[in-house]
Amino acid sequence: MTTLTAEPVEAKVAAKPKTLFSRTPVLTDHITNYCPGCSHGIVQRLIAETIDELGVAGKTIGVSPVGCSVLACEFYSCDMAQAAHGRAPAVATGIKRAHPDNVVFTYQGDGDLASIGMAETVHAATRGEKITVVFINNAIYGMTGGQMAPTSLPGQVTQTSPYGRDVKAVGYPIRVCELLSTLDGVAFAQRVMVDTPKSVRAAKKAIRKAFEYQIEGAGYTIIEVLATCPTNWGLSPTKAFAWMRDNMLPYYPLGVYKDIKAELAAASADAADKGGE
Amino acid sequence: MSEKVLMKGNEALAEAAIRAGCRHFFGYPITPQTEVAAYMAKRMPKIGGTYLQAESEVAAINMVYGASAAGARVMTSSSSPGVSLKMEGISYMIGANLPAVIINVQRGGPGLGGIQPSQADYWMATRAMGHGDGHIIVFAPSTVQEMADLVAKAFDLGDKYRIPVMILADGLLGQMMEPVILPEPIDQENLADKDWALTGHQDQRKHNTISSLFLEPQELENDILKRRERYLIIEQAEPMAQVEYMDDAEVAVVAFGAASRIARSAVNKARANGVKVGLVRPVTLWPFPKDILSAVGDKVKALLCVEFSTGQMIEDVRLAVHDKVPVSFFGHTGGIVPTPDEVVVAIERMVAGEQFHILPFKSRLTGGAS
C-alpha cells in the first residue's frame, strides 16, 4: 500500500511558474480584431507556429487580401503585403518571382479566393506557383456583414439570400480543393477543420506539410480550412461548430485531394512491384 | 556611347527598360502594344529576368504590385481597354507608394473602340488612374528615341518618389521605326537600396508592411496629405515641355506625342507662308508644365490645341493660361490622324481671330460644331 505524503506548502510556493502557453514569436502583440469564437485566430496561430517551427520567419512574406483576412497584415512580424480583393495569388506571384528563395503565403477567404479572385487562384495553381495558400471557407462574407459566398450551402440563409440559397437561380457552391486538384501545377491540396484539439492538430500538420512542399519547390500548395463565422451565422461559437459539422462537412469532405509526392512514391512502388514480377 | 540602330518604338522602349534595370515584366496580349511583350518574352529568359503572360490585365498589374513591393524594377504594358482593367491595381500601388512603369500604347475608345492610334486616354492617365485621391507621373514621348529615353527616366522617378509612372504612347509611336541610340545599361549594383521593400527581414530589421489600408480616418487623411506633399515637390521639379519657334511667335500650337509631329510640320508650313507661329510640346502630362504654358500664354494672342481626341489636354492648357487668351482646338479621334494641311487651316483661322473647337464630323477643313 502506498502512503500518500502531503508536499510541503513552502515547496509549492518556491517552484518556478511553468509557462504552458505563450505567443509564438512571429505573431505580433497586436490585439485581435476578430469576433469571439471566430476561426481566424486559430488558423493564423497555426500558420505562425509553422513559420516559427520551420525557422523561416526571416524569409517569409505573407499576403493578406480584402475581407476579414486583411487584418492578418497586423498580426505577423514577418514582411507582409496587403492585396486587392481576390488578387493575393497574383501579388504573391510577383513577390515569389522577384524572390524565389523566400517563403510566400497568402491568407484568403472564400469570397476573395473563389469568387472575385477565382481567375487568379486557378491560374496561380495551374502555373504551379511555389506559394502556400491558406483558404478560410466559412461559407459567408464576414467583413461586409454576412452576404452569400461562393461556398454558401444550398438553402443557406444570408443577408443576400434571405430565402435561402436557391441553386436554380444562383447556382451551386464551389468545392475548391476538388476543382484545383485537377490541375497539374498543384502539388498539395488538403481540406481540414479546426473544431476540436484533434482536428486543430491535423490542420497544423497539413499547413506544415504545405509550407514544406513550397520550400522544396514542389509547386502550388493549398490548405482549405472549414471555418465558422458565429457573428454572421447568428450562432454561439459552439453551436457554430456543430452547424459546420452538420452542414458543411457533408458538402465539403475533409481529406487530401492532391499530394504529388505521395503519388510519385506510390507510382514508383507500383513500378517496383511490377519489376519484381 | 551605343551606336544608332533602326528600331520599332515598342521594341526600343522594351530594350531601354531592360537597360534601365527592369528584370520583371507581366502583361496580357493586346494590340497595338504586342511588340513590347514579344520583345520581353524573347529577352527576359536570356538575362535571368521574368517574362510572365498573366491570365488577365488585372492579374498582370497585381503581379507588378507584388514584384514592386518586393523591391524589383518592374513593368507592364497594355493598350487603352487593357489599361482600364489595370486601374484597380494602379490605385492600390498609388496607395501603397509602389513604383512601377506602366506602358499605354493608346488605341481608339471608348469600349473596344479600334486599334488605330489615339490620344483619348489623356483624361484617364492624368485624372483618374483608379479610384481615390492620387496621381501617377505621365510621360508623352513623340519619337522612338524618346520612347527609349523616357522609359529609363520613368524607372528613376518612380523609385525616387515611390510612385507609378506611365508612358502614354500611341499606336503610331509604338509601331513606327526610327533610328535610335539606346541608353547604356545601368549597373544594378548602383541602384539605391529600397529599405521599405519586402525581402524577408532575415532577422536583421523590423518587418516591413506594404499596405494601402487605413481604417482610422485621421490616419488615412495623414497618409493622403503626406503623399500630396510629394506631389507638390514633383509639380515643382519634374514638369517637362519642349518649346520651339517662340522667339517671334504671335500665336502657338500645343500638342503632345505623335500629334506634336504633325503640328510641327504644320507650323513649318505656316511659317513658310509668313505666319509667326510657335509650338509647345508637353513631355510630362502630369505634372502638366503649367508655368511654361502660362509664360507662353502671356506672350501670344491665341493658342491652338491639336490632339487625337475631341479635346482633353485643352482643359489643362486653358487652366494654365487662365483663359487670358483664346484657346482653340482641332483634332480627330478613333484612329484618324490629322494631316498637316488641316492643321495649317486651323492655324490660319486662329490667326484670323477666330476661336473654335473643330469636330471633324461636320467638315474636316471648315466644320465648326463648336
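Residues are numbered from 1 along each chain as its sequence is written, and chains are lettered from A and ligands numbered from 1 in the order in which they are written. Because the model is predicted, local features need pLDDT of at least 70 and side-chain atom pairs count only at pLDDT 80 or more, whereas totals for chains, interfaces and linings use all residues.

The interface between the chains joins 33 residues of chain B to 28 residues of chain A; two residues are in contact if their C-beta atoms, placed from the backbone, lie within 7 Å. On the side of chain B, two or more residues each come from β2 (24–27), β3 (50–53), α3 (57–69), α4 (80–95) and β9 (209–210). Helices (H or I, at least four residues) and strands (E, at least two) are DSSP runs, numbered from the N terminus. The most is given by α3(B), with eight residues. By class, this side has 14 nonpolar, 16 polar and three charged residues. Here Ala, Val, Leu, Ile, Met, Phe, Trp, Tyr, Cys and Pro count as nonpolar, Asp, Glu, Lys and Arg as charged, and the others, Gly among them, as polar.

An open sheet of eight strands, with mixed pairing, has the order β7(A)-β5(A)-β6(A)-β4(A)-β3(A)-β1(A)-β2(A)-β9(B); two strands pair if DSSP finds at least two bridges between them. β7 (255–259) of chain A and β9 of chain B stand at the edges, each with a single partner strand, so one side of each lacks a neighbour in the sheet. Strand β2 (residues 79–82) of chain A runs parallel to β9(B) and is joined to β9(B) by two bridges. In these, A:Met80 is partnered by B:Thr209 and A:Ala81 by B:Ile210.

Helix α8(A) lies across β3, β4, β5 (186–193) and β6 (220–226) of chain A, at about 165° to β5(A). Axes are lines fitted to C-alpha atoms, for helices over the stretch in contact, and angles run from 0 to 180 degrees between N-to-C directions. Helix α2 (residues 40–54) of chain A packs against α8 (residues 197–216) of chain A at about 50°, with the axes 9 Å apart. That angle makes α2(A) oblique to α8(A); angles under 35 degrees count as roughly parallel, over 145 as roughly antiparallel, 65 to 115 as roughly perpendicular and the rest as oblique. The residues of this contact comprise eight nonpolar, one polar and three charged.

In chain B, the axes of α1 (residues 9–19) and α6 (residues 144–161) come within 8 Å and cross at roughly 25°. The two helices are therefore roughly parallel to each other. Residues B:Gly9, B:Ala12, B:Leu13, B:Ala16, B:Ala17 and B:Arg19 of α1(B) meet B:Val144, B:Met147, B:Ala148, B:Val151 and B:Ala152 of α6(B). This contact divides into nine nonpolar, one polar and one charged residue.

Chain B is assigned domain 1 (4–200 + 224–237) and domain 2 (242–358), with bounds that come from an automatic or database domain assignment. Their centres, taken over C-alpha atoms, are separated by 27 Å. The contact takes 27 residues from domain 1 of chain B and 22 residues from domain 2 of chain B. On the side of domain 1, α5(B) gives the most, with four residues, and the residues of that side divide into 16 nonpolar, nine polar and two charged.
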